[in-house]
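I opened a new notebook page for this structure. My plan is to go from the whole to the parts and write down what I look up.

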Amino acid sequence: MQYALTAAEALRAEREAIAHGAVTLESLMDRAGDAVAETVANVAPQGPVAILTGKGNNGGDGWVAARLLHERGREVRVFGLVGPEGLSGAAKAAARAAVGAGVAWNSPESALDITHGLFGAAVVIDALFGFGLHGTPVEPYASAITAINDSDALVVAVDIPSGVHADTGVVAGPAVMADITVAFSAPKVGVLLEPGASHAGEIVVSEIGVPRVYVDREGCLEIWDRGDYRGLMPVPTPEDHKGSRGRVLVIAGSRAFAGAAVLTARGASRMGAGYVFAAVPAGVAPIVQSTLPHVITHTMAQTPEGTLASDSADALLDLARGVDAVVIGPGLTTQPETAHVVRRLVAETIIPMVIDADALNVFDTGGLGTIAAREAATVITPHPGELARLVGRPSEDIQADRVASVSELARGGVACLLKGARTLVSGSGRCVVTLAGNPGMATAGMGDVLSGMIGTLLAQGLSAYEAAALGAYLHGRAGDLGAEELTPTCLTAGDIDSFLPAAVRELLGE
């Protein structure tokens with residue numbers, strides 16, 4: 001497991017390491033500059049290097065890289081938006097050392113100077129801001145960023161592309177489009193979340209001397225590797241039988257959205273549940289039965305609109321008593337009688353539950369207490385619009401700080417999975433980012449499959465946080481494998497479960 005850091009967390013780690021005598025600011029800057037120089041030497045061993053530096057320690061890192069590349073015989077020129085004498089502390093010392101070593105530099109007087117200066121460079125190093133940026137870049141930095149993006153050179157960003165918010169990934173103005181980002185000690189949160197992730201390119205994490213005890217802290221955003229996911233994966237044993245592999249009840253579908261019930265049940269089945277029961281409105285039952293013969297279908301009373309009728313609540317509660325997990329919501333609609341059924345099931349069932357789609361939509365901000373009060377493990381799976389409505393804020397606010405937003409509803413035994421590019425899961429005081437997934441998964445029904453998968457993992461004994469995190473990864477990885485074969489354009493929700501076996505095999509190393 002790795003951790004990603006906010007600006008404050010990164011600063012705290014460095015200050016603690018310095019305060020305890022583990023490193024000095026000067027040694028950190030030297031090692032950071034060396035990491036950048038080494039990366040440039042590896043990916044582009046020949047050709048001129050142009051380095052744009054700002055006034056802070058990030059600029060100091062750039063000056064160190066300039067000196068080291070110059071000493072290796074590279075043609076280097078620094079464009080200092082703040083000259084050496086305008087710097088302070090370690091950054092000033094780094095700039096003076098570079099100039100003293102013979103590094104060529106100038107302070108550009110106009111955007112045209114920068115554009116001309118970058119012409120012919122094989123590599124451009126962005127050392128303008130680092131994680132200290134707040135707000136939108138102003139001149140002359142805005143023009144410098146534009147010039148970097150307009151160049152034909154390979155772009156290497158120092159710690160984080162300039163213009164990307166380190167904590168949120170938000171891009172409020174011009175921002176560097178890097179090919180490689182050299183992150184120090186740990187990736188910054190902003191390079192893992194969109195749109196910042198699209199600006200970062202390949203992320204290379206370099207150790208610069210901050211001991212891990214100051215970096216790896218509980219509460220920071222988690223990045224899991226395959227070993228972390230593999231450790232949670234339920235694997236069938238010779239002693240297993242269908243009753244021991246989890247019983248999942250899917251409550252989903254309506255006349256207009258019969259496919260939601262099918263997709264959810266397919267996700268639960270393919271994830272390895274011993275039994276999958278589908279409780280659906282009467283008009284949907286024949287569709288599920290004909291499509292999924294291995295799923296046990298229960299026909300429920302329906303309204304004239306073809307949704308679950310209020311009369312079905314008691315029967316559903318009885319069914320829920322005989323299973324290990326419930327998945328409720330996909331395709332149900334928010335018809336008043338159906339909403340009544342959902343509220344009763346959420347409030348009265350005492351087994352693990354995935355609450356998705358319309359089962360979330362029947363609750364407003366005042367009803368969140370019903371979900372939070374559940375005693376059993378609970379996973380909610382909102383997309384940004386649904387989460388915005390639940391917390392009573394615009395969806396733009398949710399997207400502006402996804403990490404903070406996903407944590408708002410993760411309380412007690414409730415884990416929140418926030419859908420979208422770079423899915424986030426929060427629960428038990430922790431938060432993990434899912435790096436699997438691709439734009440081809442932005443189609444109807446994808447979330448239904450995911451909910452079914454998570455339902456099975458809950459039924460097999462995983463905690464809410466574990467089930468949501470593992471389910472999100474396997475779902476995203478199946479989507480990646482599907483997109484490789486079918487293309488992102490042609491991938492559909494109905495394809496995902498057929499690529500899940502390959503994702504599981506890959507995870508288990510089989």
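**Entry 1: the helix at Leu25**

I began with Leu25, which lies in helix H2. My model is predicted: local features need pLDDT of at least 70, side-chain atom pairs count only at pLDDT 80 or more, and totals for chains, interfaces and linings use all residues. Residues are numbered from 1 along each chain as its sequence is written, and side-chain values use heavy atoms, with hydrogens and water left out.

Helices (H or I, at least four residues) and strands (E, at least two) are DSSP runs, numbered from the N terminus.

Is Leu25 buried, exposed or partly exposed? I looked up its relative accessible area and found 29%, so Leu25 is partly exposed. Buried means under 20% relative accessible area, exposed over 50%, and partly exposed in between (1.4 Å probe, protein chains only).

Next I listed the contacts of Leu25, leaving aside neighbours within four places in sequence: Ile18, Asn57 and Ala90. Contact means heavy atoms within 4.5 Å. I also checked Leu25 against His70, 45 residues along the chain; their C-alpha atoms are separated by 22 Å.

**Entry 2: H2 against H4**

Two packed helices are described by the angle between their axes and the distance between the axes. I looked up both for H2 (residues 25-43) and helix H4 (residues 89-100). The axes come within 9 Å and cross at roughly 50°. That makes H2 oblique to H4. Axes are lines fitted to C-alpha atoms, for helices over the stretch in contact, and angles run from 0 to 180 degrees between N-to-C directions. Angles under 35 degrees count as roughly parallel, over 145 as roughly antiparallel, 65 to 115 as roughly perpendicular and the rest as oblique.

The crossing of H2 and H4 is right-handed. A crossing is right-handed if the near helix is turned clockwise from the far one by less than a right angle, and left-handed if anticlockwise.

Which residues make the contact? From H2 I noted Leu25, Glu26 and Met29; from H4, Ala90, Ala91 and Ala94. Five of these residues are nonpolar, none is polar and one is charged. Ala, Val, Leu, Ile, Met, Phe, Trp, Tyr, Cys and Pro count as nonpolar, Asp, Glu, Lys and Arg as charged, and the others, Gly among them, as polar.

**Entry 3: the seven-strand sheet**

H2 also lies across strands E2 (49-53), E5 (123-127), E6, E7 and E8, and runs at about 150° to E7. I followed these strands into their sheet. The sheet is open, has seven strands in the order E4-E3-E2-E5-E6-E7-E8, and its pairing is parallel. Two strands pair if DSSP finds at least two bridges between them. At the edges I found E4 (104-106) and E8 (202-206), each pairing on one side only. Neighbouring strands here are turned by 20° against each other on average, direction ignored.

I looked at one pair in detail. E6 (residues 154-158) and E7 (residues 180-184) share three bridges in the parallel sense. Val156 stands opposite Ile180 in E7.

Then I picked Thr53 in E2. Thr53 counts as buried, at 0% relative accessibility. Beyond four places in sequence, Thr53 touches residues including Trp63, Phe79, Leu81 and Ala127.

**Entry 4: around Val432**

Val432 lies in strand E18 (residues 430-433). Its relative accessibility is 1%, so Val432 counts as buried. Where is Glu222, 210 residues apart along the chain? The C-alpha atoms of Val432 and Glu222 are separated by 4.4 Å. Among the residues that Val432 touches are Glu222, Trp224, Tyr229 and Tyr465.

E18 has a parallel partner in E9 (residues 221-223), joined by two bridges. Ile223 has Val433 as its bridge partner in E18. E17 (residues 424-427) runs antiparallel to E18, with four bridges. Gly427 stands opposite Arg430. In the hairpin of E17 and E18, two residues sit between the strands, and Ser428 takes a positive phi near 55°.

**Entry 5: the whole protein**

I counted 21 helices and 18 strands. Of the 510 residues, 56% count as buried. The C-alpha atoms fill a box of roughly 85 × 45 × 45 Å, taken along the principal axes.
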